[in-house]
Amino acid sequence: MSTATAPLIDRRTVIDWLGIAPFMIFALMFLIVPTLYLVTGAFFTPDGQFTFKNIADLFTPSIMSAYWISIRVSVASALGGALIGFFLAWAIVLGGVPSWVRSGLLTFSGVASNFAGVPLAFAFLATLGRTGLLTVLLRDWIGFNLYSTGFNILSFFGLTITYMFFQIPLMVLILTPALDGMKKEWREASEILGASTWQYWRMVALPILWPSLMGTTLLLFANAFGAIATAYALTGSSLNIVPILLYAQIRGDVLHNANLGYALALGMIVITGVSNILYILLRMRAERWQK
């Protein structure tokens, strides 16, 4: 009795690979290949000679200052977004708010987390600029001049609160599933054992949520560190952060050395890459409690 020969490649496997082929091609063309081009370009001169000079130039005072400002803005917006976003997520998951409030906040968070660039910069200038709506209302109605306090929307603090507009909803979106995964049995067991609410959060809930909190904060850091459109539209060249410096370098506005721009991009890739790897590791650890 003859048996049918099994096909070398399963038809379902071929269909599955064809389904993800457009995404793989897109990622290859617009993510992987450009990244490799930047990484290799960081080690060559404009004439094509191999060099480490571009990497060494990253440690000049002006470039190190740009990295330091970018890191400070990213850390401040990440911590602020994580703190406020945590309490918002806690309120909609564990705070007993109506279901329509939860759905409304999650829908808004989905939109606001992607609202950036020129529209976001214009919104904050129109609200908190020197002639912005809130600035004028505070001055005319209650006699409070916001800019007399030293506040400036074009400063470090102004850029930080602008970034927090999309950092907070991103924290809500990512942390909500982690809070949903908190089992009621854990709270009931702690109450049976006589633990107070503070003891439950300090000894049970926060240790379980800690990987999610830290991982999401690292993701917020990477998200802010790589943002350029909002910062450039808001501050122009008045705030020397790495993405703006990189943009000017590749355009040839500074020293006309695109390869130094590639080295700047390589430094950003390393910093954001480390943040994302740590986020993935912490997320994997957090998911163990949700199974």
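**Reading the Labels of a Predicted Model**

Tutor: In this predicted model, the charged end of Arg-72 lies over the ring of Phe-156, at 4.5 Å from the ring centre.

Student: What makes the charged end of Arg-72 count as sitting over the ring of Phe-156?

Tutor: The distance of CZ of Arg from the ring centre must be within 6 Å, and CZ must also lie within 35 degrees of the ring normal. For Arg-72 and Phe-156 the distance is 4.5 Å, and the charged end is reported as sitting over the ring.

Student: How are two aromatic rings described in general?

Tutor: Such a pair is described by the distance between the centres and the angle between the planes.

Student: How many aromatic pairs does the structure hold?

Tutor: The count comes to 17 aromatic pairs. One of them is formed by Phe-108 and Phe-165, with 6.4 Å from centre to centre and 85° between the planes.

Student: Why is the pair of Phe-108 and Phe-165 called edge-to-face?

Tutor: Ring centres must lie within 6.5 Å to pair, and planes over 60 degrees apart count as edge-to-face. The values for Phe-108 and Phe-165 are 6.4 Å and 85°, therefore the pair is edge-to-face.

Student: Where in the chain do Phe-108 and Phe-165 lie?

Tutor: Phe-108 belongs to helix H4 (residues 99–112) and Phe-165 to helix H7 (residues 156–180); the two are 57 residues apart, and the pair links distant parts of the chain.

Student: Why are Phe-108 and Phe-165 called partly exposed?

Tutor: Buried means under 20% relative accessible area and exposed means over 50%, with partly exposed in between. Phe-108 has 46%, so it counts as partly exposed, and Phe-165, with 30%, is likewise partly exposed.

Student: What makes Tyr-147 and Phe-151 an edge-to-face pair?

Tutor: Their ring centres are 5.6 Å apart and their planes stand at 70°, so this pair is edge-to-face. Tyr-147 has a relative accessible area of 12% and is therefore buried. Phe-151 is buried because its relative accessibility is 11%.

Student: Which residues form one aromatic cluster?

Tutor: Phe-43, Phe-44, Phe-50 and Phe-52 form one such cluster.

Student: How many salt bridges are there, and what makes Lys-53 and Asp-57 one of these pairs?

Tutor: The structure holds four salt bridges. The cut-off between a side-chain nitrogen and a carboxyl oxygen is 4 Å. In Lys-53 and Asp-57 the closest N and O atoms are 3.0 Å apart, so the pair forms a salt bridge. Because they are four residues apart in helix H2 (residues 53–57), about one helical turn separates them.

Student: Is Lys-53 buried or exposed, and is Asp-57 buried or exposed?

Tutor: Lys-53 has a relative accessible area of 53%, so it is exposed. Asp-57, at 18%, counts as buried.

Student: How do you know that Glu-191 and Arg-187 form a salt bridge?

Tutor: Their closest N and O atoms are 3.4 Å apart, which is within 4 Å, so the pair forms a salt bridge. Both residues lie in helix H8 (residues 184–192), four residues apart, or about one turn of the helix. Glu-191, with 47%, is partly exposed, and so is Arg-187, with 27%.

Student: What is the distance in the salt bridge of Asp-140 and Arg-139?

Tutor: The side chains of Asp-140 and Arg-139 meet with 3.1 Å from N to O. Arg-139 is partly exposed because its relative accessibility is 40%.

Student: Which residues have the most contacts inside the largest nonpolar core?

Tutor: This core has 41 residues, and those with the most contacts inside it are Ile-63, Tyr-67, Leu-175, Met-182, Leu-209 and Leu-264. Helix H3 (61–94), H7, helix H9 (197–225), helix H11 (242–251) and helix H12 (258–287) each supply at least two residues. H9 gives the most, with 10 residues.

Student: Which residues make the nonpolar surface patch of about 920 Å²?

Tutor: Ile-25, Phe-26, Leu-28, Met-29, Phe-30, Leu-31, Ile-32, Val-33 and Leu-36 make this patch. Leu-31 lies in helix H1 (residues 11–41).

Student: Why is Leu-31 called exposed?

Tutor: Exposed means over 50%. Leu-31 has 53% relative accessibility, therefore it counts as exposed.

Note on methods
Residues numbered from 1 in each chain as written. Predicted model: local features only at pLDDT ≥ 70, side-chain atom pairs only at ≥ 80, totals over all residues. Heavy atoms only, no water. Phe/Tyr/Trp six-rings, centres within 6.5 Å; stacked < 30°, edge-to-face > 60°. Buried < 20%, exposed > 50% of the residue type's maximum accessible area, 1.4 Å probe, protein only. Patch = residues over 30% accessible without salt bridge, like charges linked within 9 Å, V, L, I, M, F, W, Y side chains within 5 Å. Areas by Shrake-Rupley, 256 points an atom, 1.4 Å probe, with all protein chains shown as cover. Core = buried A, V, L, I, M, F, W, Y, C linked by side-chain atoms within 4.5 Å.
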